Amino acid sequence: MTDGTSASVDMDTRESVARAPPRARLCTATAAVTDGTSATNARARSSTRIRIPIVKSQIGTKPPEPAWSPPARPPSPRRAHTAMSTKVAFVLAVAGSCSLVTGIGSLQAARASAGGRLAVSAVGRAAARMSAGVPFTSALLFDCDGVLVETEELHRTAYNQAFDEFGLTVGGKPVVWTVAYYDVLQNTVGGGKPKMRYHFTQTCGGEWPAVTKRAIAQPVCDDTGMALIDQLQDVKTEFYKKLVTSGKARPGVLELMDAAIATPGIAVGICSASTRGGFEKVVDAVVGKERLAKLDVIIAGDDVQNKKPHPEIYLLAASRLGLSSKACIVVEDSLVGLRAAKAAGMRCVITYTASTEAEDFYCEGADAKLLDFGSLPPLSALFEKAAVLAELLEGARDPKPVSVKA
């Protein structure tokens, strides 16, 4: 082939690439670089090709390079009520560079709430920083119920309404959870379904309840018992959503969250054992959509197999943020949450409530405990330049017993 013929073919190739869709452009450009009669012509064509902006975005395809661990996520609004994951691979070919930057995202699909709103998965600053090669150095993770807002009494009321709706009885007596008993439950078991299972299998000595107001047979084994609990939880969630029409944040907690969000290097998230249906109502009303959009990770009880005190929810948060457990501080209000955080190898601050203040949090390993964050600007007492301090809330926390200090 003569030089004139080669130049003509090269011009035709450029024109066909320009007319082609993005995926075809990438394939055509690659083929043009590797096909030719001489290394010189191949380099010349390669030089021409990299001036063509190429952006490839494929959903549901396996990328050419191994996924990151934890996976980086493509930027999107930072809302997070996760349901299921879809692999997303994107390739950027930058003008003047022959390198391809490949990122794998876990874009978790949305689920409509009762009002028809689509709950879009949050990917947050974590995605932007990871894709830019600037990971977080630490994280501040909040529980929801009892930490952001005191909702435990609303939960108890909703459970009792669900029990009454089904007409549950054990030993001929209605199933009712008192305030004192619910305080025991919330400091023993995390999550609604585990609480009910604990009640029937432990407190009631393994006697599953009779159902007097619905055509449901009394459970005789764990499988049928859990099937009833599933139905009870769904009804309880609907009652709870009606009760949580408005809420008031605990003193200082949103100010602390805002300060962490504004600090470079600190990731911020919410990790709640509550089911997504009730959880959404609380965080939308109390935290607010604008603030939620700035969070980096949000995990509800539906998103994990094991509920607190199992550490899964906090280990999952650290994995998504690309952080070690030692770089994370958890804010909790109960022994169950504290045990989950410590089992995950994380530091834990307790903001106790009237229901939990009598618990021996320091004996269980809490790094600090106090009533709330209302009387001090605490971020500087937790982090120094986005690094976790050796002593948390020193001078502001409740005093530690001498035996714990030793």
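Visitor: Is cysteine 144 buried or exposed?
Guide: This is a predicted model, so we go by values computed from it. Buried means under 20% relative accessible area. Cysteine 144 has a relative accessibility of 1%, so this residue counts as buried.

Visitor: How far is the sulfur of cysteine 271 from the closest cysteine sulfur?
Guide: A disulfide needs two cysteine sulfur atoms within 2.5 Å. For cysteine 271, the closest cysteine sulfur belongs to cysteine 328, and it is too far for a bond, at 8.9 Å.

Visitor: How many disulfides does a search of the whole structure find?
Guide: A disulfide is a covalent bond joining the sulfur atoms of two cysteines. When the whole structure is searched for such pairs, the number of disulfides found is zero.

Visitor: Which residue forms a salt bridge with arginine 156?
Guide: Side chains of opposite charge can pair when their charged atoms come close. With the closest N and O atoms 2.7 Å apart, the partner is glutamate 153.

Visitor: And where do lysine 241 and glutamate 238 lie?
Guide: These two form a salt bridge, with the closest N and O atoms 3.4 Å apart. Lysine 241 counts as buried at 14% relative accessibility, while glutamate 238 is partly exposed at 39%. They are three residues apart, about one turn, and both lie in helix 8 (residues 222-243).

Key: Residues are numbered from 1 along each chain as its sequence is written. This is a predicted model: local features need pLDDT of at least 70, side-chain atom pairs count only at pLDDT 80 or more; totals for chains, interfaces and linings use all residues. Side-chain values use heavy atoms; hydrogens and water are left out. Buried means under 20% relative accessible area, exposed over 50%, partly exposed in between (1.4 Å probe, protein chains only). A salt bridge is a side-chain nitrogen of Lys or Arg within 4 Å of a carboxyl oxygen of Asp or Glu. Helices (H or I, at least four residues) and strands (E, at least two) are DSSP runs, numbered from the N terminus.
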